[in-house]
Every structure is written in C-alpha cells, then in structure tokens.
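User: Please go through this model with me, one feature at a time. I would like the criteria stated as they come up.

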Amino acid sequence: MSTPASIDFGGLDDEVILLGRPADAPVAKRDTTAPAARTWRCIESGVMPKPDDLIVDIASLVESGRSNQMSLTVVTGGAVITGRLAPEAVWRERVSEVLTDSAQLGDFSAVFKTPAKRDGPPTHLHFHVARILQGTVGIPETGGMYRIAIEDVTAWTVGDFRYSDH
C-alpha cells in the first residue's frame, strides 16, 4: 500500500498524481525539459484507512498467547489464504527452525530469531498450517507459513477451508 502509483493523464494538462507516497519519498518535481505551458500538481494520499478493529482484536488475542487454535480465512491482493493464526514469536521461531535445517538458507534463520520490535496493536497476521486456495486445491498441500499485513486484508471469515475427496 505504500508503493507510489503515478498516473499520467496525457492531454489533461499533463498532470501527474502520486497516490500513497511514503512520507520519506521525494515529491515529484516539475520536468524542466517540458514546455513551460504544462502544469504539475501533486496529490498525496494519507495513510490507508484504519484496519478493521475486529480483526485487530483477534490478532491481539492470538498475540497474547492465549490460543494458537484460531482458524481464519482472508482475502489479500486477490488471493484467498486459509489457515491457523500463531503468535508472531511462535511463527518466527518455526520459520527460523525451517531455515536452520536448510543448507542453503541457514544463515537467514538468525533474522527470525530476533524478537519483534512493536509498540501498539498487531500490524500483521501470522499464519501457520496455511494454504493459498487455488481452484479445488490448497497450495501447499501440507500448509505453509504466511505473514500478512492486516491493512492489506480486504475480506475475512472465521474458520478455514478444507478439501475432501468425498
């Protein structure tokens, strides 16, 4: 959501509009090689709308360590992801274990051993035993580890989807 999107309206006074520009990103400057008659305006959008309070409350309860049995299905970026939520510390530990066991990726395990630095409510959902739903299958079949920004969730429901041959 923080990636700038430039829109050139061509014949409409050659305006460039920047949406979602991060606060530390440079503002578009007028092109000095362009004809003097062109006008440039920059519209900056603020922070994305506040995430759904209910899903933040669910994530907070999971983060409190009181349960790792909460199943959730979310839609994000057009993908449907279904699985169980885990506290971030547990999720990081599991990812670190998987990386440690890899001959090629073992050096990255230390990144996940570092405790999360966060003040305030959770900003991400941490799925384990999760699958991306694609047609009639879940990928990967055995489930994977996914971290999803709460602000990127466009729809969600409690529970996960399971496939059966019956």
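This is a predicted model: local features need pLDDT of at least 70, side-chain atom pairs count only at pLDDT 80 or more; totals for chains, interfaces and linings use all residues.

Analyst: Residues are numbered from 1 along each chain as its sequence is written, and side-chain values use heavy atoms, with hydrogens and water left out.

User: In what order do the elements of the protein run from the N terminus on?

Analyst: Helices (H or I, at least four residues) and strands (E, at least two) are DSSP runs, numbered from the N terminus. The protein has three helices and seven strands. Their order from the N terminus is β-β-α-β-β-α-α-β-β-β.

User: What share of the contacts in the protein with a separation of 6 or more comes from residues 24 or more positions apart?

Analyst: A contact means heavy atoms within 4.5 Å. Among contacts in the protein with a separation of 6 or more, the share from residues 24 or more positions apart is 57%.

User: Why is the pair of Trp 91 and Phe 112 classed as it is?

Analyst: Rings of Phe, Tyr and Trp (its six-membered ring) pair if their centres lie within 6.5 Å; planes under 30 degrees apart count as stacked, over 60 as edge-to-face and the rest as tilted. The structure holds one aromatic pair. The ring centres of Trp 91 and Phe 112 are 6.1 Å apart and the planes stand at 65 degrees, so the class is edge-to-face.

User: Which helices does the pair link?

Analyst: The two residues are 21 residues apart, and the pair links distant parts of the chain. Trp 91 belongs to helix α2 (residues 88-100) and Phe 112 to helix α3 (residues 109-113). The helices are therefore α2 and α3.

User: Is Trp 91 buried or exposed?

Analyst: Buried means under 20% relative accessible area, exposed over 50%, and partly exposed in between (1.4 Å probe, protein chains only). Phe 112, at 24%, is partly exposed. Trp 91 has a relative accessible area of 7%, so this residue is buried.

User: Which residues make the nonpolar surface patch of about 290 Å²?

Analyst: Accessible areas come from the Shrake-Rupley method with a 1.4 Å probe; for residues, only the protein chains shown count as cover. Val 111 of helix α3 is exposed at 51%. The patch is made by Leu 105, Phe 108 and Val 111.

User: Over how many bridges do strand β5 and strand β6 pair?

Analyst: Two strands pair if DSSP finds at least two bridges between them. Leu 125 stands opposite Ile 148 in β6. Strand β5 (residues 124-134) and strand β6 (residues 137-149) are antiparallel, and the number of bridges is eight.

User: What is the phi of Val 129?

Analyst: Most residues other than glycine have a negative phi, and most peptide bonds are trans. Val 129 lies in strand β5 and is partly exposed at 39%. Although not a glycine, Val 129 has a positive phi of about 50 degrees.

User: What is the omega of the peptide bond from Ile 139 to Pro 140?

Analyst: Pro 140 lies in strand β6. The bond from Ile 139 to Pro 140 is cis, with omega near -10 degrees.

Methods:
Patches are made of residues with over 30% relative accessible area and no salt bridge: like charges are joined within 9 Å, nonpolar side chains (Val, Leu, Ile, Met, Phe, Trp, Tyr) within 5 Å. A salt bridge is a side-chain nitrogen of Lys or Arg within 4 Å of a carboxyl oxygen of Asp or Glu.
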